[in-house]
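Here's a quick look at a ligand site and the pockets of one protein. Have the structure open as you read.

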Amino acid sequence: MSRTDHYAVFGHPIKHSKSPSIHQLFAKQTQQHLIYTAHEVKQESFYSAVVDFFDQGGKGLNCTIPLKKLAWQRAELLSKRAQLSKAVNTLYLQKDGVLFGDNTDGVGLITDLIKNHAIALLNSRILILGAGGASSGIIAPLLNESPAYIIIANRTVDKAKTLSNEFSKEGEISGCGYNDLKKSQFDLIINATSTSLYGKLPPLPELLLAKSGCCYDLAYGNLPTVFVNWGIKQDAKKSLDGLGMLVEQAAEAFFVWRGVRPKTEDIIKQLSAERNKLVG
Ligand code: NAP
């Protein structure tokens with residue numbers, strides 16, 4: 001009998017991760033045999049943990065906060081979207097022993113925004129909060145949808161400016177600090193900071209969201225995140241968290257690893273229903 005293939009996610013913190021349940025649901029739906037585990041891995045032990053995982057026969061890895069830049073540096077071959085984003089969330093060892101890195105975050109977000117939630121991006125004014133690994137993974141796919149422009153705001157302003165410069169050939173984009181946002185309005189505000197994980201909100205001015213604008217938090221939890229609640233308070237047309245993106249980026253990683261594309265709609269519904277039950 002063949003050995004069960006082992007996949008995993010590395011990150012810190014990782015306790016909240018729903019990736020193991022999602023991949024088990026994909027495996028059941030597509031009748032693939034695999035196990036998927038979550039591991040607390042800090043930056044300083046990332047490289048040795050990757051080597052150990054693949055030495056022990058592991059087939060594929062997801063990397064999450066704060067490891068995506070390191071995974072990009074560690075990969076020996078990169079997909080086009082990983083090259084562009086300079087961040088990797090999906091790794092696997094090719095048959096020739098070369099470590100391949102991909103980034104499925106962008107396609108996950110775009111699928112959730114457009115296909116699952118019918119949020120139009122064409123000519124829209126988009127604000128991205130945060131300039132870390134997640135932010136760099138979503139910029140090129142967002143620019144590809146021809147928005148009017150994208151502004152990246154970050155606590156460390158230089159990081160926002162550097163990131164926007166990296167993508168300036170792909171479309172209209174600039175970087176700034178939170179103080180520079182006064183008087184601006186956006187049709188879509190995406191929270192790509194890690195603040196929701198700590199129950200905090202970046203310092204956002206009032207009147208930032210245009211009428212009928214939408215808010216999207218890449219973070220997710222059993223309860224609405226602080227940013228989702230902020231969006232509701234701003235009267236957003238839709239204020240969503242990143243559960244849909246999580247399932248969509250996982251489906252793309254599953255496809256990269258297994259060559260089979262799982263159907264996501266029922267799984268997103270099931271996970272939403274489960275968390276609604278949890279919070280009563
Ligand atoms: P990261 O690389 O560590 O970047 C964190 C970002 O948050 C940086 O821009 C950082 O600003 C900012 N930040 C942290 N604390 C802050 C504070 N107190 N005030 C203002 N800004 C603060 O993390 P990441 O990998 O980009 O992940 C970001 C978020 O996206 C996480 O919540 C992650 O769970 C989520 N995510 C979700 C999905 C999904 O599928 N739904 C996929 C990817 C990521 P500085 O640069 O100034 O430090």
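Predicted model: local features only at pLDDT ≥ 70, side-chain atom pairs only at ≥ 80, totals over all residues.

## The shell around the ligand

A backbone N or O atom of Gly 133 sits 2.9 Å from one, and a polar side-chain atom of Asn 154 comes to 2.8 Å. Arg 155 has a side-chain N or O atom 2.9 Å from a ligand oxygen. On its own the ligand exposes 930 Å², and the protein buries 85% of that.

## The largest pocket

Where does the ligand sit? Its space is the largest pocket, which has a volume of about 1200 Å³. Of the 48 lining residues, Ile 65, Ala 134, Ala 192, Thr 193 and Ser 194 are closest to the centre. H7 gives the most to this lining, four residues. By class, the lining has 22 nonpolar, 19 polar and seven charged residues.

## The second largest pocket

The second largest pocket has about 370 Å³. Its lining counts 20 residues, with His 117, Leu 240, Asp 241, Ser 272 and Arg 275 closest to the centre. H10 (265–278) gives the most here, six residues. The lining splits into seven nonpolar, eight polar and five charged residues.

Conventions: Residues numbered from 1 in each chain as written. Heavy atoms only, no water. Polar contact = N/O pair within 3.5 Å; in protein donor to acceptor, adjacent residues only side chain to side chain. Areas by Shrake-Rupley, 256 points an atom, 1.4 Å probe, with all protein chains shown as cover. 1 Å grid on protein atoms, 1.4 Å probe; cavity = no way out; pocket = protein on both sides within 12 Å on 5 of 7 lines; lining within 4 Å. Sits in = over half its atoms within 2 Å of the grid points. Points joined across faces, edges and corners; volume = space filled by probe spheres on them. Helix = DSSP H or I, 4+ residues; strand = E, 2+ residues; numbered from the N terminus. Nonpolar A, V, L, I, M, F, W, Y, C, P; charged D, E, K, R; others polar.
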